[in-house]
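This report goes through selected local features of the structure shown below, taking packing first and then individual helices and strands.

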There are 2 protein chains.
Amino acid sequence: MRPTVHDIAERAGVSLATVDRVLNDRPGVRAVTRAKVEAAIAALGYVRDVAAANLAKGRVYPLVFIVPAGENPFMRGLEAEIRHAGRHSAAERTRLSVVTVPAFDAAALAAAIDAAAASDDTAGIAAVAVDAPEVAAAIARAREAGIPVVTLVSDLAASGRDHFVGVDNVAAGRTAGSLMGRFLGGRPGPVAVLAGSMRVRDHRDRLEGFLAAMAAMPVARQVLPVLEGQDDPAVSRRLIAGLLAATPDLAGIYSLGAGNGGLVAALSGRSDICVIAHELTADTRAALETGVIDAVLNQDAGHEVRSAARVLRAKADGLPVVAAQERIRIDIFIRENLPPAAEEDERSGAGLYQGD
Amino acid sequence: MRPTVHDIAERAGVSLATVDRVLNDRPGVRAVTRAKVEAAIAALGYVRDVAAANLAKGRVYPLVFIVPAGENPFMRGLEAEIRHAGRHSAAERTRLSVVTVPAFDAAALAAAIDAAAASDDTAGIAAVAVDAPEVAAAIARAREAGIPVVTLVSDLAASGRDHFVGVDNVAAGRTAGSLMGRFLGGRPGPVAVLAGSMRVRDHRDRLEGFLAAMAAMPVARQVLPVLEGQDDPAVSRRLIAGLLAATPDLAGIYSLGAGNGGLVAALSGRSDICVIAHELTADTRAALETGVIDAVLNQDAGHEVRSAARVLRAKADGLPVVAAQERIRIDIFIRENLPPAAEEDERSGAGLYQGD
DNA sequence: CTGTTAGCGCCTTCAG
DNA sequence: CTGAAGGCGCTAACAG
């Protein structure tokens, strides 16, 4: 049996309360007493039973997730994952809530952060950042109020956020460039880039990585000027249609933002152009299956949500975060390794949920 | 506050013990009483606090993992993951142990399964299966003794095992074939396949998928007869050296087993041949970085271990398993999306470990 | 068949 | 500064 607080109390010749004080380094223990207890802890190799501790504490961690509104499928998937995790977060004594704000709207995001921080029982905030000074300021305010903040999917390092939960987007861009280069091989023709907006950090980073990888390819290839589709399917569709008309020898398209529904529509079944896109959604999955899209780079929204919650809890408790464990991978999907579509809604298993 | 057993006892007008009986559907409750309790449960939307339940039960789940011995890096990584998970499994009230048996040795594996099943406190067994009747029989015996068994990495469906934890190897082979075809493009030359042994199911499955994908490529391409390296670096090295000498126009190699150290050594820095291998290990990672290997298909050993433990616990408790949640993905790695090498040993975070 | 009682391992008043 | 006692939500004897 593992040693318990009783064992260490006995061995140290003190009471349970004192052990507890040392364990949670609370004040009110003489240095000698503390030393005795710590010796006992070390000698017995005691490790605290977190489950029991949480039970006794009865503490809960209300975490607020702030995500962009709108029909961006990835963000809606992210929101679904948050709600899903929330339904199963009872065991982790965590209560998740979602707040949506207009996309790319720095003022609204800043206001939402302030509102969440103002609520007395917010234990932490996770937000998809927009790269703007107001947002950075709001994050800084929340942190000064003692509320941990993590950025999600898109970072804002200047804000001093506690942690960023998301992929290395420069590496993601490089991956896309490398795959594009290999898939095209010696085939001639320029490639195009469709972005959402150069105002969000993750899109800029992806572009940077992509251009670097294309430049490093053995075969030089022209990359056309970036098209900005505002992550909007209609705009994207128009832009791509124009592109196709103007560039008959187009070899590839790298879509580094959302709005892929419009891209796919504009391509209308053509599979002769090498297309690489981001985020596995209903749109991109279907296009992958029909061969319109050749590869999808994905960040696992479920992992991101769970990681954000874990990190926020750790920060709230002043515990360290294991960086290696919280790294979000860049998943590559092609038609052949596409996971079966998970049935939405109730994939629950009554208390069995644990996170993988 | 969430409703507790007290609330439902009060609302149903019964005692805690009765509520508990209904909750864990134990015998000794009249149908009417049971109905009252169930009504209260439903009305209050009660969900049991698993942590508290486990605390009260004090039950532990000793699980035995049986893996092949030898220098196969993937298996050693798997073993490391088991030990790592074991160090953090206290919270889940699970105790993991590892037993190694000679690779490809059906008799030894069967004996190890019997031994684990004989131990009175084994709550479940996870084994990397060898495709042989003795093994199937041993698994069947364990299950008859009431001990749940899952196969890990390599399946043995005929054994009647409770569950298989691993990837769809036919799909993995198809993925490899598809990537090989796309990477080679129009480049001429045959491709070779290096396997460990056609006696293990996962290798056969991968080959099947690979051949199917190659056959489906627009460009027909010769696939040379399979080389069996026994997952042994020395044997593999010899075979590949011979292959290179005999086939000057070789375009690609699909290595679907282990022993990749030998493969890489035989290639001695050549990066003109398209090489696709399985499992991200020190060998394959290094070769990916130098360009000797072009892509690695990986199954996340950490996920597999955690999934196996979850499934075994669920089976031991007679709970359902959420198939979608336990599916292991086929990860694709190229140089650009390689995750940073995780420092081995203590990546622990004192009680924070949760599984992603 | 049902209820009472005493913990599981830890935390938290409240006295001393 | 330290200890005793009670409770978190659930389960498990042991009585009735």
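Does B:Asn260 count as buried or exposed? The model is predicted, and in it B:Asn260 counts as buried, because its relative accessibility is 6% and the cut-off for buried is under 20%. B:Asn260 sits in helix H11 of chain B.

The side chain of B:Asn260 comes to 3.5 Å from the backbone oxygen of B:His278. Apart from neighbours within four places in sequence, the contacts of B:Asn260 are B:Ser255, B:Ala277, B:His278, B:Asp283 and B:Thr284.

## Nonpolar cores

In soluble globular proteins, nonpolar side chains tend to be buried together. Here the largest nonpolar core comprises 98 residues, and A:Leu78 and B:Leu78 have the most contacts inside it. With neighbours within four places in sequence set aside, B:Leu78 touches B:Val67, B:Val128, B:Leu152, B:Val153, B:Ala301, B:Glu304 and B:Val305. A separate, second core has 24 residues, among them B:Val130, B:Val135, B:Ala142 and B:Val149.

## Helix H10 of chain B

Helix H10 of chain B covers residues 233–246. The helix has 14 residues and spans 20 Å from first to last C-alpha, close to the 20 Å expected at 1.5 Å a residue. At its start, a side-chain oxygen of B:Asp232 comes within 2.7 Å of the backbone nitrogen of B:Ala234.

Which residues of H10(B) are buried? They include B:Ser236, B:Ile240, B:Leu243 and B:Leu244. Viewed down the axis of H10(B), the buried residues fall within an arc of 95°, so they line one face of the helix. An α-helix has 3.6 residues a turn, so residues three or four places apart point the same way. B:Arg238, B:Ala245 and B:Ala246 are exposed on the other side of H10(B). The cover over the buried residues of H10(B) includes, in chain B, strand E6 (191–195), strand E7 (227–228), strand E8 (252–255) and helix H11 (260–267).

An unreviewed UniProt entry lists residues 3–57 of chain A as "domain: HTH lacI-type". In the model, this span is 69% helix and 0% strand, and its end C-alpha atoms are 20 Å apart.

Helix H1 of chain A runs over residues 5–12, and A:Ile8, A:Ala9 and A:Ala12 are buried in it. Seen along the axis of H1(A), the buried residues keep within an arc of 105°, so they line one face of the helix. A:Glu10 and A:Arg11 are exposed on the face of H1(A) turned away from the buried side. Helix H2 (16–23) and helix H3 (31–44) of chain A are included in what covers the buried residues of H1(A). A:Thr4 caps the N-terminal end of H1(A), with a side-chain oxygen 3.1 Å from the backbone nitrogen of A:His6. After H1(A) comes A:Gly13, with a positive phi near 70°.

## Helix H4 in the two chains

In chain A, helix H4 covers residues 50–57 and contains A:Val50. A:Val50 counts as partly exposed because its relative accessibility is 32%. Between the C-alpha atoms of A:Val50 and A:Asp131 there are 38 Å in space, with 81 residues separating the pair in sequence.

In chain B, a side-chain oxygen of B:Asp49 comes within 3.0 Å of the backbone nitrogen of B:Ala51 at the start of helix H4 (residues 50–57). H4(B) is followed by B:Gly58, with a positive phi near 65°.

## Buried strand residues

Strand E3 of chain B, residues 124–127, contains B:Ala126. At 0% relative accessibility, B:Ala126 counts as buried. Neighbours within four places in sequence aside, B:Ala126 is in contact with B:Val64, B:Phe65, B:Ile66, B:Val150, B:Ala308 and B:Leu312. B:Val165 is 39 residues from B:Ala126 along the chain, and their C-alpha atoms are separated by 8.9 Å.

A:His163 belongs to strand E5 (residues 163–165) of chain A. Its relative accessibility is 15%, so A:His163 counts as buried. Beyond neighbours within four places in sequence, A:His163 is in contact with A:Val149, A:Val150, A:Thr151, A:Val311, A:Val321 and A:Glu326.

Definitions and conventions. Residues are numbered from 1 along each chain as its sequence is written. Chains are lettered from A and ligands numbered from 1 in the order in which they are written. This is a predicted model: local features need pLDDT of at least 70, side-chain atom pairs count only at pLDDT 80 or more; totals for chains, interfaces and linings use all residues. Side-chain values use heavy atoms; hydrogens and water are left out. A nonpolar core is a set of buried Ala, Val, Leu, Ile, Met, Phe, Trp, Tyr and Cys residues joined through side-chain atoms within 4.5 Å. Buried means under 20% relative accessible area, exposed over 50%, partly exposed in between (1.4 Å probe, protein chains only). Contact means heavy atoms within 4.5 Å. Helices (H or I, at least four residues) and strands (E, at least two) are DSSP runs, numbered from the N terminus. The expected span of a helix is 1.5 Å times one less than its number of residues. The arc is that of the directions from the helix axis to the C-beta atoms. A polar contact is a pair of N or O atoms within 3.5 Å; within protein, one must be able to donate a hydrogen and the other to accept it, and residues adjacent in sequence count only if both atoms are side-chain atoms. UniProt positions are given in the numbering used here, feature names are shortened, and annotations may be inferred rather than shown by experiment.
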